[in-house]
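Here's a quick walk through one protein model, with the cut-offs spelled out as they come up. Have a look at the sequence and the structure first.

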Amino acid sequence: RDVVRFPDLDDYDWESEAERQKANYDPVNQILEYHSWNSQFLRVTHLMGFENGLCAFAEEPEACRDLMEAITDYKIRLIERAAHYFKPDSFVNYDDVATSRNLYLSRKTYQELVKPCHKRMNDAAKAYGMIPQQHCCGYCEDLIEDFIDEGSVAWQSAQPCNDICRIIETYGDRMTVIGGYDTQGIAGMHIAAEEQIRGEVTRCMKEYGKYGKHYIFQAFLMGEKSDPTLPVRNKIMREESLRQSMTVWK
């Protein structure tokens, strides 16, 4: 309360920025998503550092709840402006609450502190006509039911450290799984050969695509902007995903 200050959203030139970002937007053939980075859990850890942030969740849960509720209030004001100026089809909430091995928090702590904030934010997004999606990297399969309860109809970017096939089979009628590409394996590294990238795209399409509408392939490789292989690898991935969708799954 004494330290954290929220930006004044009305100081931002929403109209000009929306015009700039939507300059090449094709509403007939494209879906417009509004991505809200660093949501409630992540913002606490970013303000305090992960070690202190995780200790705070255990030692001062009420204070963490108060801070995350204030962040939620801010996010809802953000949603109002995004809806007015961008008119997105979907709202994507970024809150990575997991490592590749497990959750940062117990499911009980997540349900008590984080989940109510996500739900309130998703409810606001739906009220403004946006489809809520949850972004969460890492091993978070224990929270899929909670994501659904919060109002999210899709989960991205699903990583294969989770049992993606089981998740689609169990929850596919209620939540679409987006992702699947093994960004942590060799296919996600800068040394990946073209055939390894194409092979991983093909694996995703065949292993998860068999479930039809319950799965969407989506992936992009991240790294240093100075890495000359990054745009090349992403181009190969896009080409192969398009080729697979136009041939194997025609």
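## Ground rules

Buried means under 20% relative accessible area, exposed means over 50%, and partly exposed is in between, with a 1.4 Å probe and protein chains only. This is a predicted model, where local features need pLDDT of at least 70, side-chain atom pairs count only at pLDDT 80 or more, and totals for chains, interfaces and linings use all residues. Residues are numbered from 1 along each chain as its sequence is written, and side-chain values use heavy atoms, leaving out hydrogens and water.

Helices (H or I, at least four residues) and strands (E, at least two) are DSSP runs, numbered from the N terminus. Two strands count as paired if DSSP finds at least two bridges between them.

Six strands make an open, parallel sheet in the order 1-2-3-4-5-6. Strand 1 (33–36) and strand 6 (215–216) are the edges, each pairing on one side only.

Strand 4 (residues 154–158) runs parallel to strand 5 (residues 176–179), joined by three bridges, and Ala158 sits opposite Gly179. Strand 4 also pairs with strand 3 (residues 131–135), again parallel over three bridges; there, Gln134 faces Trp155. Five of the five residues of strand 4 are buried, so the rest of the structure largely encloses it.

## Helix 7 and what follows

Contact here means heavy atoms within 4.5 Å. Axes are lines fitted to C-alpha atoms, for helices over the stretch in contact, and angles run from 0 to 180 degrees between N-to-C directions. Helix 7 (residues 164–171) packs on the sheet, touching strand 4, strand 5 and strand 6, and its direction makes about 155 degrees with that of strand 5.

Gly172 lies in the loop between helix 7 and strand 5. Gly172 is buried, at 6% relative accessible area. Leaving aside neighbours within four places in sequence, Gly172 contacts Ile167 and His214.

## Salt bridges

A salt bridge is a side-chain nitrogen of Lys or Arg within 4 Å of a carboxyl oxygen of Asp or Glu. The structure holds 22 salt bridges. One of them joins Arg166 to Glu141, with the closest N and O atoms 3.4 Å apart. That pair links distant parts of the chain, 25 residues apart: Arg166 is in helix 7, and Glu141 is in the loop between strand 3 and helix 6 (144–149). Arg166 is partly exposed at 31%, whereas Glu141 is buried at 12%.

Glu62 and Arg65 pair up too, at 2.7 Å between the closest N and O atoms. Both lie in helix 4 (residues 61–85), three residues apart, about one turn of the helix.
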